[in-house]
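This report goes through a few features of the structure shown below. Please look it over before reading on.

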Amino acid sequence: MRPLAGVRVLDLSRLLPGAFATLMLAEMGAEVIKVEEPGRGDPTRGLPPAVGGRGLYDLLLNRGKKSVALDVRRPETAGVLARLVDRADVVVESFRPQTARRFGVSAEQLRATRPGLIHCAITGYGQTGPYAERPGHDLNYVAIAGLLAADRPHTEDLPKMFIGDVGSGAMSAVIAILGALYARTQTGEGTALDISMHEGSLYWMMLPGARDLVEGGAEAAGDLPTFGDHACYQVYDTRDGHRLALGALEAKFWDTFTSAIGRPDLAARHRSNPADQRALIDEVRGIFRQKTRAEWLALFAAHDVCLSPVNTPAEALADPHVAARGAVVGGPHGRAVKPPFVAAPPALSPAPEIGRAHV
């Protein structure tokens, strides 16, 4: 029996964060009913890339769910919505606070007669504060939270990881929902969960921003050997245009690395001053450009060093370790990544077509 069997989730959210959160709940056994706009459905249905005329994000994120068409903006649908809520254990929505109240789906409104209901609002900036009604997307949340500058201070490349949407938004929502479900078994009471993608991103920024959390700031904290400031923790280009990630933070790994490349004289510079580190990074860059990625990987296969290829998504999915672990599984529309938090995930049914609400 899957851990969330018997739990019913009503998904009123739009786009990625809520859909990813309720996908994880579905993969743990919850029954997820997705409410979509009549006629067009969730925006992900038409969002490229597409497979057979349907958005791939929709096919991936809405597998194993049920769908009903209901326009929650229309007052005449309030009765149908109320019956759906009455049968739900969890409601997930992603409207800005004033919009949620206008549609009648805020935590205060839905929990007024359902104290056992768990209401999870996933928003950009939370339910309160001066930014609460601001619009935003993933890029905005990681930018204002400091993650964008911490992760890529010297490049104009945009992040492609959906850190705010999926990492800090969906993951935080699922963790909070699981905690609330457990608490309800002890108290019988539900709760209102206020998930801010900005604050989730800020939480993830705690380690990159550790020096700025120390009284007195970065100067008082000293220099940390991470986040691109040291040669031992860096990404390097190879002769054939590929890249390798070196994570030799510990002295034992750095010593092994310098020995393997025939430069034991570099070992003493593992934690040298910032000016020397900049020079050392340039020196190691020159060394890595002397061989191809395959040649370096073959060399380091026999050495205990934290070194890995910077794979493209296609290379990552084809990695032999991924195959050995069964981390990519067949799905109704091709392949999908197995959830790492489920020992034996179910074969989820395809993403539904837009259904009609029969309640």
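Is Arg 74 buried, partly exposed or exposed? Arg 74 counts as partly exposed, because its relative accessibility is 42%; buried means under 20% relative accessible area, exposed over 50%, and partly exposed in between (1.4 Å probe, protein chains only).

## Basis

This is a predicted model, in which local features need pLDDT of at least 70 and side-chain atom pairs count only at pLDDT 80 or more, while totals for chains, interfaces and linings use all residues. Residues are numbered from 1 along each chain as its sequence is written, and side-chain values use heavy atoms, with hydrogens and water left out.

## Salt bridges

The structure holds 20 salt bridges, each a side-chain nitrogen of Lys or Arg within 4 Å of a carboxyl oxygen of Asp or Glu. In one of them, Arg 74 meets Glu 76 at 2.7 Å, N to O. Glu 76 is exposed, with a relative accessible area of 54%. Salt bridges with shared partners also join Arg 263, Asp 265, Arg 269, Asp 276 and Glu 283 into one network.

Asp 71 and Arg 73 form another salt bridge, at 2.9 Å from N to O. Asp 71 counts as buried at 13% relative accessibility, whereas Arg 73 is partly exposed at 48%.

## A buried pair

Lys 34 forms a salt bridge with Asp 11, with the closest N and O atoms 3.9 Å apart. Lys 34 counts as buried because its relative accessibility is 2%. Asp 11 is also buried, its relative accessible area being 0%.
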